[in-house]
Amino acid sequence: MSSLIPPGENIDPAEELVGLDTHVFAHPIRRDILHLCAVHYLDCQRQGSANTKTRGEVRGSGRKIRPQKGSGRARLGDGQSPMLRGGGVAFGPKPRDFATKLNRKVIEMGMRVALSARVKEQSLGVVRSLEWPGFKTRELEDRVEELGWRKTLFVTGHDEIPDGLQRASANLPHVETVRAEDLNVYNALKWPRLVLDLHAVEWFERALGRR
(Lines give C-alpha, C1' and ligand atoms only; values in the text may rest on other atoms or scores of the structure.)
Protein backbone atom coordinates (compact mmCIF):
# COMPACT_ATOMS: atom_id res chain seq x y z
CA MET A 1 0.00 0.00 0.00
CA SER A 2 1.26 3.49 -0.85
CA SER A 3 0.65 6.86 0.76
CA LEU A 4 -0.31 10.10 -0.95
CA ILE A 5 0.80 12.15 2.05
CA PRO A 6 4.56 11.90 2.72
CA PRO A 7 4.93 9.39 5.60
CA GLY A 8 6.79 10.14 8.79
CA GLU A 9 10.22 8.85 9.71
CA ASN A 10 10.72 5.10 10.11
CA ILE A 11 7.38 4.45 8.41
CA ASP A 12 7.24 2.56 5.13
CA PRO A 13 3.69 2.36 3.69
CA ALA A 14 4.86 -0.27 1.20
CA GLU A 15 5.13 -2.75 4.07
CA GLU A 16 1.37 -2.56 4.65
CA LEU A 17 -0.60 -5.10 2.65
CA VAL A 18 -4.24 -4.95 1.58
CA GLY A 19 -6.26 -8.08 0.95
CA LEU A 20 -8.32 -7.86 -2.25
CA ASP A 21 -11.38 -9.91 -3.12
CA THR A 22 -10.33 -12.28 -5.92
CA HIS A 23 -13.85 -12.23 -7.37
CA VAL A 24 -13.49 -8.49 -8.02
CA PHE A 25 -9.75 -7.93 -8.52
CA ALA A 26 -8.70 -11.27 -10.07
CA HIS A 27 -11.43 -11.86 -12.62
CA PRO A 28 -10.50 -13.64 -15.88
CA ILE A 29 -9.68 -11.05 -18.55
CA ARG A 30 -12.50 -10.74 -21.10
CA ARG A 31 -11.60 -8.29 -23.88
CA ASP A 32 -15.00 -8.77 -25.50
CA ILE A 33 -16.74 -7.55 -22.33
CA LEU A 34 -14.42 -4.53 -22.12
CA HIS A 35 -15.21 -3.70 -25.74
CA LEU A 36 -18.96 -3.91 -25.14
CA CYS A 37 -18.75 -1.61 -22.11
CA ALA A 38 -16.50 0.94 -23.82
CA VAL A 39 -18.71 1.13 -26.91
CA HIS A 40 -21.82 1.39 -24.72
CA TYR A 41 -20.31 4.32 -22.79
CA LEU A 42 -19.20 6.17 -25.94
CA ASP A 43 -22.58 5.64 -27.59
CA CYS A 44 -24.30 7.20 -24.58
CA GLN A 45 -21.96 10.21 -24.76
CA ARG A 46 -22.99 11.11 -28.30
CA GLN A 47 -25.00 14.31 -28.40
CA GLY A 48 -27.12 13.35 -31.41
CA SER A 49 -28.21 16.93 -32.09
CA ALA A 50 -27.26 17.15 -35.79
CA ASN A 51 -30.25 18.56 -37.67
CA THR A 52 -30.96 19.52 -41.28
CA LYS A 53 -34.11 20.91 -42.88
CA THR A 54 -36.13 18.87 -45.30
CA ARG A 55 -37.83 20.52 -48.30
CA GLY A 56 -40.95 20.87 -46.19
CA GLU A 57 -39.11 22.87 -43.51
CA VAL A 58 -37.18 25.32 -45.74
CA ARG A 59 -38.65 28.80 -45.82
CA GLY A 60 -39.95 29.99 -49.19
CA SER A 61 -42.80 29.94 -51.65
CA GLY A 62 -44.24 26.76 -53.05
CA ARG A 63 -44.70 28.35 -56.49
CA LYS A 64 -43.43 26.34 -59.44
CA ILE A 65 -40.19 27.89 -60.64
CA ARG A 66 -40.95 27.66 -64.37
CA PRO A 67 -43.54 26.04 -66.62
CA GLN A 68 -43.39 22.28 -66.95
CA LYS A 69 -42.85 22.38 -70.73
CA GLY A 70 -41.58 24.71 -73.38
CA SER A 71 -38.34 26.04 -71.87
CA GLY A 72 -36.15 23.18 -73.03
CA ARG A 73 -34.66 22.92 -69.54
CA ALA A 74 -35.18 20.36 -66.81
CA ARG A 75 -38.54 20.34 -65.08
CA LEU A 76 -38.55 21.84 -61.61
CA GLY A 77 -41.06 22.24 -58.82
CA ASP A 78 -40.66 24.73 -55.97
CA GLY A 79 -37.45 26.34 -54.75
CA GLN A 80 -37.12 24.00 -51.79
CA SER A 81 -36.13 21.06 -53.97
CA PRO A 82 -33.02 19.22 -52.71
CA MET A 83 -31.54 19.58 -56.21
CA LEU A 84 -31.30 23.38 -55.85
CA ARG A 85 -28.89 25.52 -53.89
CA GLY A 86 -30.62 26.72 -50.74
CA GLY A 87 -33.17 23.94 -50.91
CA GLY A 88 -33.85 21.18 -48.44
CA VAL A 89 -31.58 18.24 -47.66
CA ALA A 90 -32.62 14.78 -48.80
CA PHE A 91 -32.10 12.09 -46.15
CA GLY A 92 -30.11 14.44 -43.92
CA PRO A 93 -29.44 13.86 -40.21
CA LYS A 94 -32.15 14.49 -37.65
CA PRO A 95 -31.84 14.60 -33.83
CA ARG A 96 -31.64 11.07 -32.51
CA ASP A 97 -30.56 9.08 -29.49
CA PHE A 98 -27.45 6.99 -30.11
CA ALA A 99 -27.56 5.31 -26.69
CA THR A 100 -27.38 1.53 -26.73
CA LYS A 101 -28.64 -0.91 -24.12
CA LEU A 102 -26.33 -3.09 -22.08
CA ASN A 103 -27.40 -5.33 -19.22
CA ARG A 104 -26.38 -4.27 -15.72
CA LYS A 105 -24.65 -7.60 -15.06
CA VAL A 106 -22.47 -7.15 -18.16
CA ILE A 107 -21.45 -3.67 -16.99
CA GLU A 108 -20.61 -5.04 -13.53
CA MET A 109 -18.52 -7.80 -15.10
CA GLY A 110 -16.78 -5.17 -17.23
CA MET A 111 -15.78 -3.25 -14.11
CA ARG A 112 -14.43 -6.44 -12.50
CA VAL A 113 -12.41 -7.19 -15.64
CA ALA A 114 -11.10 -3.60 -15.83
CA LEU A 115 -9.96 -3.61 -12.20
CA SER A 116 -8.44 -7.08 -12.60
CA ALA A 117 -6.57 -5.96 -15.70
CA ARG A 118 -5.13 -3.02 -13.76
CA VAL A 119 -3.95 -5.37 -11.00
CA LYS A 120 -2.41 -7.72 -13.56
CA GLU A 121 -0.62 -4.80 -15.25
CA GLN A 122 0.58 -3.55 -11.83
CA SER A 123 -1.05 -0.18 -12.55
CA LEU A 124 -3.50 -0.17 -9.63
CA GLY A 125 -2.47 1.32 -6.31
CA VAL A 126 -4.15 1.49 -2.92
CA VAL A 127 -3.69 4.23 -0.32
CA ARG A 128 -5.14 4.51 3.14
CA SER A 129 -6.69 7.90 2.43
CA LEU A 130 -6.84 10.52 -0.32
CA GLU A 131 -6.98 13.42 2.14
CA TRP A 132 -4.49 16.10 1.11
CA PRO A 133 -3.37 18.82 3.56
CA GLY A 134 -3.53 22.24 1.96
CA PHE A 135 -4.64 23.51 -1.42
CA LYS A 136 -1.37 24.30 -3.20
CA THR A 137 -1.21 22.79 -6.68
CA ARG A 138 2.61 22.90 -6.76
CA GLU A 139 2.94 20.78 -3.61
CA LEU A 140 0.59 18.10 -4.95
CA GLU A 141 2.30 18.14 -8.34
CA ASP A 142 5.71 17.63 -6.72
CA ARG A 143 4.36 14.73 -4.65
CA VAL A 144 2.76 13.12 -7.72
CA GLU A 145 6.04 13.44 -9.62
CA GLU A 146 7.92 11.95 -6.67
CA LEU A 147 5.63 8.91 -6.64
CA GLY A 148 5.66 8.56 -10.45
CA TRP A 149 1.90 8.96 -10.59
CA ARG A 150 1.56 11.15 -13.66
CA LYS A 151 -1.65 10.47 -15.61
CA THR A 152 -3.38 8.97 -12.58
CA LEU A 153 -7.06 8.67 -11.76
CA PHE A 154 -7.73 8.84 -8.02
CA VAL A 155 -10.86 7.01 -6.85
CA THR A 156 -12.43 7.62 -3.45
CA GLY A 157 -15.13 5.56 -1.81
CA HIS A 158 -16.51 8.53 0.16
CA ASP A 159 -19.69 10.35 -0.81
CA GLU A 160 -17.67 13.52 -1.41
CA ILE A 161 -14.22 13.96 -2.96
CA PRO A 162 -11.74 15.21 -0.33
CA ASP A 163 -11.74 18.99 -0.57
CA GLY A 164 -7.97 19.43 -0.34
CA LEU A 165 -7.25 16.97 -3.15
CA GLN A 166 -10.04 18.32 -5.35
CA ARG A 167 -8.87 21.92 -5.08
CA ALA A 168 -5.16 21.15 -5.36
CA SER A 169 -5.62 18.93 -8.43
CA ALA A 170 -8.11 21.17 -10.26
CA ASN A 171 -5.36 22.70 -12.45
CA LEU A 172 -3.40 19.49 -13.01
CA PRO A 173 -4.25 18.13 -16.48
CA HIS A 174 -2.71 14.73 -15.80
CA VAL A 175 -4.60 14.02 -12.54
CA GLU A 176 -8.30 13.54 -11.91
CA THR A 177 -10.38 12.44 -8.93
CA VAL A 178 -13.75 10.65 -9.03
CA ARG A 179 -16.02 8.84 -6.61
CA ALA A 180 -16.13 5.05 -6.81
CA GLU A 181 -19.81 5.07 -7.77
CA ASP A 182 -19.04 7.44 -10.69
CA LEU A 183 -16.19 5.36 -12.13
CA ASN A 184 -17.00 3.62 -15.41
CA VAL A 185 -15.20 0.96 -17.42
CA TYR A 186 -14.10 3.40 -20.13
CA ASN A 187 -12.25 5.70 -17.71
CA ALA A 188 -10.82 2.73 -15.83
CA LEU A 189 -9.21 1.66 -19.11
CA LYS A 190 -8.37 5.13 -20.41
CA TRP A 191 -6.20 6.27 -17.50
CA PRO A 192 -2.78 4.57 -17.32
CA ARG A 193 -2.96 4.25 -13.52
CA LEU A 194 -5.70 3.94 -10.90
CA VAL A 195 -5.18 4.78 -7.24
CA LEU A 196 -7.95 3.73 -4.83
CA ASP A 197 -8.36 4.58 -1.19
CA LEU A 198 -9.45 1.88 1.27
CA HIS A 199 -13.06 3.07 1.18
CA ALA A 200 -13.08 2.66 -2.62
CA VAL A 201 -11.77 -0.91 -2.30
CA GLU A 202 -14.53 -1.67 0.19
CA TRP A 203 -17.13 -0.04 -2.06
CA PHE A 204 -16.13 -2.12 -5.09
CA GLU A 205 -16.01 -5.34 -3.07
CA ARG A 206 -19.46 -4.58 -1.70
CA ALA A 207 -20.97 -3.56 -5.05
CA LEU A 208 -19.25 -6.14 -7.29
CA GLY A 209 -18.59 -9.00 -4.88
CA ARG A 210 -20.48 -12.25 -4.64
CA ARG A 211 -24.05 -11.82 -3.45
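Modeller: β1 and strand β4 (residues 193-197) pair in the parallel sense over four bridges, where strands (E, at least two residues) and helices (H or I, at least four) are DSSP runs numbered from the N terminus, and pairing requires that DSSP finds at least two bridges. This is a predicted model, in which local features need pLDDT of at least 70 and side-chain atom pairs count only at pLDDT 80 or more, while totals for chains, interfaces and linings use all residues. Residues are numbered from 1 along each chain as its sequence is written, and side-chain values use heavy atoms, with hydrogens and water left out.

Biologist: Which residue of β4 is the bridge partner of L124?

Modeller: Strands of a sheet pair through backbone hydrogen bonds, either parallel or antiparallel. For β1 and β4 the sense is parallel, and the β4 residue bridged to L124 is L194.

Biologist: Which strands stand at the edges of the sheet?

Modeller: The open sheet has four strands, paired in parallel and ordered β1-β4-β2-β3. One side of each edge strand is left without a neighbour in the sheet, because each has a single partner strand; these strands are β1 (124-127) and β3 (175-179).

Biologist: How are α2 and α3 oriented to each other, roughly parallel or roughly perpendicular?

Modeller: Helix α2 (residues 31-45) packs on helix α3 (residues 104-120) with the axes 9 Å apart and at an angle of about 115°, the axes being lines fitted to C-alpha atoms over the stretch in contact and angles running from 0 to 180 degrees between N-to-C directions. Angles under 35 degrees count as roughly parallel, over 145 as roughly antiparallel, 65 to 115 as roughly perpendicular and the rest as oblique. The two helices, α2 and α3, are therefore roughly perpendicular.
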